[in-house]
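Here is a short briefing on salt bridges and helix packing. Please keep the sequence and the model in view while reading.

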Amino acid sequence: MEDKRDYVMRARAAAVEETRRRILRAVRDLGLETESMEIVLADVADRTGVTVRTVLRHFGSRDGVFAAALDFVVGEVERERGTPGDVAGAVAALVEEYEGIGDWMITMLGREGADPNVRRMTDRGRAMHREWVRDVFAPVLPAARPADEAVDLLVVATDLYTWKLLRRDRGLGRPEVEQRMRALVDAVLGRA
């Protein structure tokens, strides 16, 4: 009897977790599609195939949904960003990310002054980017340059706005953008 009960409990827990993931993916997708964080919970519920009440039961409040969605997206981004010391792989992964959601991120940065949810997201994104730079480039930081200075310069070399200047403003293709960002990184690392 105990085995069947354990199986049912595990199945329920898995179903609850899958519902949570579907809700979080719906929030992410709706945000990307609408280029906004002005997402209605009814739309999230419809997209997920649950009720608004179920969404709230999982996350407590609208702010709770957005906080969890931010954690979910951050986790996705962190998994895709490359390994420490792999400069070429890190820059390629970053450009890939910017190609997918860079325009959306630029839109959100333009709205951070008017929406506290967007501001929390952009603040977290900035902190995450700096931490990523510190972690990924730590094994190859030049000894001749203070670490803080090198990290600052690498943040600029790999920043979303650097991608925007090259890709959107200059109209360069993705390979050229990746090459130029890599050249900036190599210059900071003393590899140029």
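A residue is buried when its relative accessible area is under 20%, exposed when that area is over 50%, and partly exposed in between (1.4 Å probe, protein chains only). By this scale Glu112 is buried, at 16% relative accessibility. The model is predicted: local features need pLDDT of at least 70, side-chain atom pairs count only at pLDDT 80 or more, and totals for chains, interfaces and linings use all residues. Residues are numbered from 1 along each chain as its sequence is written, and side-chain values use heavy atoms, with hydrogens and water left out.

**Salt bridges**

- Side chains of opposite charge can pair when their charged atoms come close.
- The whole structure holds 17 salt bridges, each being a side-chain nitrogen of Lys or Arg within 4 Å of a carboxyl oxygen of Asp or Glu.
- Glu112 pairs with Arg119, with their closest N and O atoms 4.0 Å apart. Arg119 is partly exposed at 36% relative accessibility, whereas Glu112 is buried at 16%.
- Shared partners link Glu17, Glu18, Arg21 and Arg25 into one salt-bridge network.
- Within this network, Arg25 meets Glu18 at 3.0 Å, N to O. Arg25 is partly exposed, with a relative accessible area of 28%. Glu18 is also partly exposed, at 28%.
- Arg167 and Glu99 form another salt bridge, at 2.7 Å, N to O. Arg167 sits in helix α8 (residues 160-169) and Glu99 in helix α5 (residues 87-111), so the pair ties together parts 68 residues apart in sequence. Glu99 is partly exposed, at 23% relative accessibility.

**Helix packing**

- Helices (H or I, at least four residues) and strands (E, at least two) are DSSP runs, numbered from the N terminus.
- Helix α7 (residues 147-157) packs on helix α9 (residues 174-188) at about 175 degrees, with axes 9 Å apart. Axes are lines fitted to C-alpha atoms, for helices over the stretch in contact, and angles run from 0 to 180 degrees between N-to-C directions.
- This makes α7 roughly antiparallel to α9, a term for angles over 145 degrees.
- From α7, the contact (heavy atoms within 4.5 Å) uses Ala150, Leu153, Leu154 and Ala157. From α9 come Met181, Leu184, Val185 and Val188.
- The contact has eight nonpolar, no polar and no charged residues. Ala, Val, Leu, Ile, Met, Phe, Trp, Tyr, Cys and Pro count as nonpolar, Asp, Glu, Lys and Arg as charged, and the others, Gly among them, as polar.

**Gly125**

- Gly125 lies in helix α6 (residues 116-137). Gly125 is partly exposed, at 32% relative accessible area.
- Gly125 and Arg25 are 100 residues apart in sequence and 18 Å apart in space, C-alpha to C-alpha.

Methods:
Angles under 35 degrees count as roughly parallel, over 145 as roughly antiparallel, 65 to 115 as roughly perpendicular and the rest as oblique.
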